[in-house]
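Notebook open, viewer loaded. I want to jot down what I looked up, one spot at a time.

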Amino acid sequence: MNLLKEYGIEFEGESLINKALTHTSYANENDVESYERLEFLGDAVLELVSSDYFYRKTHLPEGEMSRLRSLYVCENALFEYASKINLSSYIKLGNGIKEPNKTVIADVFEAVIGVIFLEHGLNKVRELFNKLIVPYIENEADFLKDYKSMLQEQVQTEKKSLKYKVVDESGPAHAKVFKVAVSIGGIVYGIGVGNSKKEAEQNAAKDAFSKQAK
């Protein structure tokens, strides 16, 4: 298998890596195990390696390190890394599914990280992180296009409630302007304005996310 060969990584046999590339639809049809357990492991490993990187390479406070870690291991980021190595072409899907969606591709990337950890250890994962992911960090790539999802993920970790509310609506029907407030645990953390409720919610989430990280 050529996956990750250019990064100096070869897999020991096919058992684990095949499992990492197996979607639940294929697993159910063929009575084999899917990537889900490996994804669980890979997610934790990737979080550790990224945390270690930001601790060693920066002198930022905890909140800012947490924000950056969220930025570079979010679904959009994982999907980008997976696309870079053409991961989607290796994923095994069940009948009727033509191609994996972004979430599946991101999850499988984490599963592959889990395999690398099991077969080669943490240092090999760190090597791949440095070669594949660090360039995005150094170029300050912004994967937070979906601030609502990122804020939701952060709030779930802290076990707080999240609510969006339109607080103002103005302008003619063809050019309305919406103002949305987002509250976390009953406290308003962000305000956003947009030409649609969706845009206003995203801007409110962006405002709240930046304040949560401080």
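Ground rules first: I'm working from a predicted model, where local features need pLDDT of at least 70, side-chain atom pairs count only at pLDDT 80 or more, and totals for chains, interfaces and linings use all residues. Numbering starts from 1 along each chain as its sequence is written, and side-chain values use heavy atoms, with hydrogens and water left out.

**Thr-24.** I found Thr-24 in helix 2 (residues 24-30); helices here are DSSP runs of H or I, at least four residues, numbered from the N terminus. I get 22% relative accessibility for Thr-24, so it counts as partly exposed (buried is under 20% relative accessible area, exposed over 50%, partly exposed in between, with a 1.4 Å probe and protein chains only). Leaving out residues up to four places away in sequence, Thr-24 touches Ser-34, Tyr-35 and Glu-36 (contact means heavy atoms within 4.5 Å). I also checked Gly-94: it sits 70 residues from Thr-24 along the chain, with 7.8 Å between the C-alpha atoms.

**Asp-107.** This one is in helix 6 (residues 102-120).

**Helix 6.** I looked at burial, and 14 of the 19 residues of helix 6 are buried.

Key
Helix = DSSP H or I, 4+ residues; strand = E, 2+ residues; numbered from the N terminus.
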